[in-house]
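Hi,

Here is the structure I promised to pass on. Have a look at it first, and my notes follow below.

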Amino acid sequence: MTILEAAAALRARQISSVELTEAALERVRKLNDCLNAFLTTTDESARTRAQQADEELARGMDLGPLHGIPIAIKDVFCTKGIATTCGSPLFAERIPDHDAAVVEKLAAAGAVLIGKTGLHELAYGVTSNNPHYGPIRNPWNQDCVPGGSSGGSGAAVAAGMVFMATGSDTGGSIRIPASFCGTVGLKPTFGRVSRYGVLPLDFSLDHMGPLTRSVRDAAIVLKAIAGYDSRDDTSSRRPVPEYLPEPEPSLSGVRVGVPENFYFDRLDPEVEQAVRGMVRQTESLGAVLVPVRVPDIAAINVVARVILLAEAAAVMEPHLSRRDRFGTDVLSLLDQGRLLPATDYINAQRLRRSMQKQFRAVFERVDCLLTPTSPITAPHIGQTSAVIAGATEDVRLAVTRLVRGINLLGLPALSIPCGRDRAGLPIGLQIVGRAFEEALILKVGQALMPMEAASPQL
Amino acid sequence: MKDWRQIALGNKLDIPEADLGRIAPALDSMEEVFRSLVGGIPPDIEPAVIFHAAEGAE
C-alpha cells in the first residue's frame, strides 16, 4: 500500500491511523531482529499521535495526504526528546531539545513518527555495516547490505515497516539504499529542503529527501518538506511548485539524455541490460532520446571527494582525539581529510563552480539524464571489493561512482527500481534533472514506474 | 607523490603508521587527478562557498 492509497482509505474510514500505526509497529517488532533497520521506536507517542490524527480527520481537520501516516526518520535528523545517535557512540546519549526542519514539517503535515532508522556510522559510508550498532540487512537478501548511508530507511521502506523514511544524501546516501533495496529515493536540488537540525557531514554536499515505495509518494513528501528556512544559509526562496505527477503521464516531447561516456562504462551486465531497457521504454512513452557526452564525471567525483574529506574532517575534528570511538572505515576517511591542505579545499570549491558551468550546457540539449544508480547490485555484508566488467574495484568507490558527482552539482536526482538481477537483488535507475526541476524527474519516474515498488517476501 | 607521513608529522596529527599506510594509496590516486585539474582553473573563478554579510540575506 502507498501513502496515497492509505490516505484515501483513511478518509473513506476503511482504516484508521491507529490501525496503520499498530500494523507498522507490529511489522517492526516482527522484522527488526533480523533487519536491524530501527535504532529506536516511539511506540507510545506514535499511538497518541495516531489517535489524535483519527480524531482530527473525523472532525474534518485534514492536513493533507501524510495526515495519520506512519513514517520513520533517519537517526541523523534531530528529534526533540528522542535519542539522535547519528549511528555513532559519540552521540549515543544525545537527546536533542529541538526538531530538524524536516521533522517539523512532517509533523505539521500530520505524519506519525514511529521511530528512528539506523545508518552507516555518522552517515559516512555506503554499506550501513555499523560497527557500533550492528549491520543493517537488505530485506531482499539478508546476507547483503541495504546500501547507505540511509540503510535503515531503505530497509524499513522496502520491508513494509513504514510508508516513508527520510534520508540524507552527501554522495548518494538516499539513492544507493533506494537502488539496493528496490525503493524510490529522491535527492532534491541543493537548497530545496532545509538541512537545519541534521548533523552535518558536509556543508557543501548534504541534501535531505525521502525514500518511499512509489514515485507519487516521493512527490507528496517533497511537497511537505520543501521550502525556505532562514535557519539554513543555503535554503532557497524559490516558491515550492506542485510536484505530484499524473498517474500515467505522457513523456511526449521530453528530451531524455542518454550519456555516451562514463555512466555506462564498467557496469554489471545485468545492470546495464535493465537500465537500457528502461531507456527504450521512455522512447515508447513518447520521449525523445538524445545521446549526450557529459563533462568529465571522474574529475567531478574527485573534486567532490576532496570537499567531502576536508569538510567531514573539520566537523569531526573535536572528537578525533578519541580514535576508539570511530569505526575503521570512517576513521580512515577522516584521517585522509586531515591530511589535505587548505589550498586543495579552496581549489576544489573553485572547480565546483567551474564544473557547474560546464554541466549546464548539457541541460541546454536535454531535460533529464538517465543513468544507472549503481554499477552493481547490493554487495555482501563485509565485502570490500567487487569485480565489475573484469576489473576489481573498491566497493565504496564503485557504488558512489555514478551518484557522487550529482551532489557536487547540486542537481535533483531520483532513483527508481528497474528490475532485479539473477540473484533477485534490485537494480536502480537514476533520473537527473535541472536544478529545481524535481517535477520533471518525478514525471519521468512515474511514467516508467506507475505502480508501487515490488516487495520482498519476509 | 606527497609524503603523507611527513605531512602528518609536520601537522602533529596522531595518525598511527599502519593507518597512514592504509590511506596513502587512496590519497595518491586522488592527488594525481586533482593536481591535473587545479592547473586548469581560470584565475577569476571564485570558490563556491556561501557567506552573507547580513543575516537572512540571500
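What share of the contacts in chain A with a separation of 6 or more comes from residues 24 or more positions apart? Such residues account for 77% of them, a contact being two residues whose C-beta atoms, placed from the backbone, lie within 7 Å.

Before you dig in: this is a predicted model, so local features need pLDDT of at least 70 and side-chain atom pairs count only at pLDDT 80 or more, while totals for chains, interfaces and linings use all residues. Residues are numbered from 1 along each chain as its sequence is written, with chains lettered from A and ligands numbered from 1 in the order in which they are written.

Chain A overall: there are 14 helices and 15 strands (DSSP runs numbered from the N terminus, H or I of at least four residues for helices, E of at least two for strands). Its radius of gyration is 20 Å, close to the 23 Å from the globule rule for 458 residues, so chain A is as compact as a globular protein of that length (taken over C-alpha atoms; the rule is 2.2 Å times the number of residues to the power 0.38). Of those 458 residues, 60% are buried (20 or more other C-beta atoms within 10 Å of a residue's own; exposed is 12 or fewer, partly exposed in between; C-beta atoms are placed from the backbone).

Now the sheet. Eleven strands of chain A form an open sheet with mixed pairing, in the order S1-S3-S2-S6-S8-S7-S14-S15-S11-S9-S10 (strands pair if DSSP finds at least two bridges between them). S1 (38-41) and S10 (288-292) of chain A are the edge strands, each pairing on one side only.

S14(A) is worth a look. Six of its eight residues are buried, so S14(A) is largely enclosed by the rest of the structure. S14(A) (413-420) runs antiparallel to S15(A) (426-433) over six bridges, and S7(A) (184-187) is antiparallel to S14(A) too, through three bridges. A:Ser415 faces A:Gly185 and also A:Gln430 in S15(A). In the S14(A)-S15(A) hairpin, with five residues between the strands, A:Gly424 has a positive phi near 85°.

Over in chain B, which residues of H2(B) are buried? They are B:Ile23, B:Leu27, B:Phe34 and B:Leu37, and they pack against H9 (297-316), H10 (328-338) and H11 (342-365) of chain A, together with H1 (4-10) of chain B.

Cheers
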